Amino acid sequence: MSNEVNELIALKNGSEKAFEAIYNRYAGKLYNFVMALSNGDRYMAEEVVQSAFIKLWEVREDINAEKSLLSYLSTIAKNMLLNKYQRQTVEYLYKELVIKEHLEPDFTTEKEIERKWLEDYVNELIEQLPPARKRIFILRRKKDLSAKEIAQIMQISVSTVETQLSLATRFMRKNFEKNYDKLFLLTCTYLLI
């Protein structure tokens, strides 16, 4: 039995020493792989490598000790990187539509329909927020007021405003993530304009 197979068996049984040995052996190779995929984005590469090894530890009991671990780690890292790019793209579009709301009127009919769908979707999510949170979110994101200004208008503390904004943003992000496929296709359409 090869040394890697023995380490994988030990890892499956929860050996931190085996995990450390595997990390030391493959972290550099995985980093270079992600650097190539991310066009040299060091921050992204470091984050993805760390996340990939965390995932490896979490799913250690399901690992097939007979298969290539580097290939397995590379697949995890590639999927994580794609998810991060999708999330960034959706968040970018979200900011463009919700925060700035300055769209050029030169869209084709199809693109206008897609833009309208996305705007309606965002507004539908806003409507699902509890009344006070909804008002705070609209004042911040659409009226561009500071947390302090909102606190004065609503006669509440700045920390309450910040907490409500954080909860609203988390809710919006969670719902955007549920609809990645459709939103990602729409995003790609806009990036090609």
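Leu139 is located in helix H6; helices (H or I, at least four residues) and strands (E, at least two) are taken as DSSP runs and numbered from the N terminus. The structure is a predicted model, in which local features need pLDDT of at least 70 and side-chain atom pairs count only at pLDDT 80 or more, while totals for chains, interfaces and linings use all residues. Residues are numbered from 1 along each chain as its sequence is written, and side-chain values use heavy atoms, with hydrogens and water left out.

With a relative accessibility of 11%, Leu139 counts as buried; buried means under 20% relative accessible area, exposed over 50%, and partly exposed in between (1.4 Å probe, protein chains only). Contact is defined as heavy atoms within 4.5 Å. When residues up to four places away in sequence are not counted, Leu139 touches Asp144, Leu145, Ile150 and Met154. The C-alpha atoms of Leu139 and Ile153 are 9.7 Å apart in space, and these residues are 14 apart in sequence.

Two of the residues touched by Leu139, Ile150 and Met154, are among the buried residues of H7, which are Ala147, Ile150, Ala151 and Met154. These cover an arc of only 100° around the axis, which puts them on the same side of H7; the arc is that of the directions from the helix axis to the C-beta atoms. The exposed residues Lys148 and Gln152 are carried on the face of H7 turned away from its buried side. Just after H7, Gln155 takes a positive phi of about 55°, although Gln155 is not a glycine. Gln155 lies in the loop between helix H7 (147-154) and helix H8 (158-178) and is exposed, with a relative accessible area of 73%.

A further loop position is Leu129, between helix H5 (109-127) and helix H6 (131-141). Leu129 counts as buried, at 5% relative accessibility. Its contacts, not counting residues up to four places away in sequence, are Lys134, Phe137, Ala168 and Phe171. Of these, Ala168 is 39 residues from Leu129 in sequence, with a C-alpha to C-alpha separation of 7.0 Å.

For the protein chain as a whole, the secondary structure comes to 9 helices and 0 strands. Of its 193 residues, 37% count as buried. Among contacts with a separation of 6 or more, 64% come from residues 24 or more positions apart.

Glu7, at 11% relative accessibility, counts as buried. The side chains of Glu7 and Arg25 are joined by a polar contact of 2.6 Å. A polar contact is a pair of N or O atoms within 3.5 Å; within protein, one must be able to donate a hydrogen and the other to accept it, and residues adjacent in sequence count only if both atoms are side-chain atoms. Apart from neighbours within four places in sequence, Glu7 is in contact with Ala18, Ala21, Ile22 and Arg25. H1 is followed by Gly14, which has a positive phi near 90°.

Helix H2 (residues 16-37) has 22 residues and reaches 29 Å from first to last C-alpha, close to the 32 Å expected at 1.5 Å a residue; the expected span is 1.5 Å times one less than the number of residues. A kink of about 45° is centred on Tyr26, the bend at a residue being the angle between axes fitted to the seven residues ending there and the seven starting there. At the start of H2, a side-chain oxygen of Ser15 comes to within 3.4 Å of the backbone nitrogen of Lys17. Buried in H2 are Ala18, Phe19, Ile22, Tyr26, Ala27, Leu30, Val34 and Met35. Asn39, with a positive phi near 55°, follows H2.

The largest nonpolar core has 26 residues, of which Leu11, Ile22, Phe53 and Leu56 touch the most other members. Helix H1 (3-12), H2, helix H3 (42-58) and helix H4 (69-100) each supply at least two residues of this core, and H2 gives the most, with 8 residues. A nonpolar core is a set of buried Ala, Val, Leu, Ile, Met, Phe, Trp, Tyr and Cys residues joined through side-chain atoms within 4.5 Å. Leu56 touches Leu11, Phe19, Ile22, Ile63, Leu69, Tyr72 and Leu73, residues up to four places away in sequence not being counted.
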